[in-house]
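Visitor: Hi, I've got a new model open and could use a hand reading it. Can we walk through a few spots together?

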Amino acid sequence: MEKTVKKKKKFSVYALVIGIALGIYSFVILAILVWGFMASLKMQDEYFYNVMPWLYELGIDFKYISALTYFEVILDGDVPFYVYLDQMFGNSITYSLSCAFISTLSPLVMAYVTNKYRYKISGVLHKIVLIVMVVPIVGTTASTLEIVKFLGIYDTFIGSLILKAGFTNLYFLVFYSAFQTLSWEYAEAAFVDGASHPRVMFGIMIPLIRPIIFSVFLIFFVTYWNDYQTLYTYYPSHPTAALGLFYFNRNTTTSSQEPMLLTGCLLVTIPVIILFLIFREKLMGNLSMGGIKG
Amino acid sequence: MEKKLKSYQSKNLITGTWKAKLFYGCVIAIPVLQCTIFVFIVLLNSVFLSFKQYDYGTGEYIFKGNIFQNYKVFWSTISSSGSSLGIATKNSLILWFWTSLVGISLALFFSFYIVKKYKGSEFFKTMLFLPTIVSTIAMSLIYRRFVDRFLSDFLEQYFGVDIGTPFYDEVKMRFVMVVLYSCLMGFGTQVLMYTGVMSRIPESLSEYASLDGINAFQEFIHITLPLIYPTISTFLVAGIGAIFTAHGSMYDFYGPYAESTIQTVGYFLYNRTVGDGKLLAEYPLTAAYGVAFTLITVPTTLIARWVLDRLSPEVEY
């Protein structure tokens, strides 16, 4: 009987049609990335008149090492200054790691205390998260910019961290439901042994949901690695690699720099693809776990 | 020991002691302050700002003259035919239709294929998720050149078809390309959510259905869709909430220079605020536009949620 079912699956018209559609989709995505890579290997002169990825009349120009020093953007300051790709990668790592840390920590600790410490305010905070997530607010960038400048944190590293320290997001709910399934008996036993509240939270309860925390951290890391608009808006003079790409593209008026631009694009992409290949299950699993059923 | 534990429990150790309250206060202090400033005060400030005008003398925002002036400008702009804000509103709705309605439908078909473990499903799942993790700016820059340079040259050289440079030549085509890109890149998160929920549907339901002779498409329509309706409805509501904030990667493609005929509201508002040489004097009007669109979006979202809840099929598993 099972064999019959399997056979039906195999020859389903649905599977055939959707399979073809998915095949075309995958081909297009791969084609874009592969072409980007092949075109980045072209000499600048050749790129002008021939972008076919299988023709290299002037030879191959492998720019992936030299790009670290040749890929540059000029920024306005008291004195205009250059930022190179290696510096941008340094900024990317610092920014993504620290912002991912703060963005994970904030909803994590808030979910823990609102779930386990049943004060009235815990219920209020939980409702605030739900309301903020449901109510769509449009066009507050002008207001946020005004406040950020008023607080003196515009274009500062600490400012970018503060902006990422919010807890009114989906991951609060993910952590909240994770803590809900955790028995409080572990904590009670620790309290009996004389453990303090911070010790119970950081030493016992939080480590119990370590896999989820790691997945959320990874997702935030990838998000901030790729993010350029927040930086462009609030922290513009310390470009990460993603923001550097935006500046480079904006400042490049001719196509003479295009192979270098494509090299930059691929260089920004490679670290997250490696991360994705290593932690594929973590990155894709967490979202499935967080799948909303209502 | 057991006695001690019981005594701790009965005294409600968690909420009862000053140490617990102090700890609780310390933990929530910074996140609550952050939320107060960057959610509530920002929102309030946005509302106040929308009633103010920029004072060129002092460089400050002040209440001056008719405090509804900015809203009057909003109304006259959006109601006049051919205005950039009117076009942006129309474009936002078109983008929403394609990315949300068409995008959700396709994502559902794809997810069902993956959950059913048809040929290559793991590979396709990875491919659908890949654009989600690749930098949007990098992907969009490559995509634009792929279409404008490679595809254009390839089709002309090998098939004699001249499509020009879609992102550059024809204004109408530019918006089509942005919408197409947004659809192509937007499946990842949705597919993960849908596959997550679909995989929780008991296998036995599918087996019974097979015994009754229904095919995969019928199973998808009559069994899977009703069972995952709450998730679909959540995505639909979220899509409506994002109608006027979505850029559709337009800023990635064009930076601040997108043609006014292809702009969306999200892009229009962002572009009035951020970038070199943006006028501080424009902020109050931009804030008024934001508040006005919020006033449109909030009830629309709530009504949509109410309607979708009403339409919810009575199924449990």
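Guide: Happy to, and keep in mind that this is a predicted model. Let's begin with Val148(A), which touches Ile153(A), Tyr154(A), Leu163(A), Tyr234(A) and Phe38(B), leaving aside residues up to four places away in sequence.

Visitor: Where is Val148(A) found?

Guide: Val148(A) is part of helix α7 of chain A, residues 141-150.

Visitor: And is Val148(A) buried or exposed?

Guide: Buried: the relative accessibility of Val148(A) is 1%, and the cut-off for buried is under 20%.

Visitor: Now chain B. What is phi of Lys117(B) near?

Guide: Phi of Lys117(B) is near 55°, again a positive value in a residue other than glycine. Lys117(B) belongs to the loop between α5 (84-115) and α6 (121-133) of chain B. With 68% relative accessible area, Lys117(B) is exposed.

Visitor: Switching to strands: which side chains of β1 in chain A are buried?

Guide: Val73(A) and Leu75(A), which point to one face of β1(A), residues 72-75.

Visitor: What does Ile74(A) stand opposite?

Guide: Tyr82(A), in β2(A). Strands β1(A) and β2(A), the latter covering residues 81-84, run antiparallel and are joined by four bridges. A hairpin of five residues connects β1(A) to β2(A).

Visitor: Which residues form the nonpolar patch on the surface?

Guide: Trp54(A) and Leu55(A) come from chain A, and Tyr158(B), Phe159(B), Val161(B) and Ile163(B) from chain B. Together they have about 580 Å² of accessible area. Ile163(B) lies in the loop between α7 (136-159) and α8 (171-185) of chain B and is partly exposed at 33%.

Visitor: Last one: how many residues of domain 1 of chain A are in contact with domain 2?

Guide: Five residues of domain 1 are in contact with four residues of domain 2 of chain A. The domain assignment places domain 1 at 2-40 and domain 2 at 70-289, and their centres, taken over C-alpha atoms, are 33 Å apart.

Notes:
Residues numbered from 1 in each chain as written. Chains lettered and ligands numbered in written order. Predicted model: local features only at pLDDT ≥ 70, side-chain atom pairs only at ≥ 80, totals over all residues. Heavy atoms only, no water. Patch = residues over 30% accessible without salt bridge, like charges linked within 9 Å, V, L, I, M, F, W, Y side chains within 5 Å. Areas by Shrake-Rupley, 256 points an atom, 1.4 Å probe, with all protein chains shown as cover. Salt bridge = Lys/Arg side-chain N within 4 Å of Asp/Glu carboxyl O. Helix = DSSP H or I, 4+ residues; strand = E, 2+ residues; numbered from the N terminus. Buried < 20%, exposed > 50% of the residue type's maximum accessible area, 1.4 Å probe, protein only. Pairing = 2+ DSSP bridges. Domains from an automatic or database assignment. Contact = heavy atoms within 4.5 Å.
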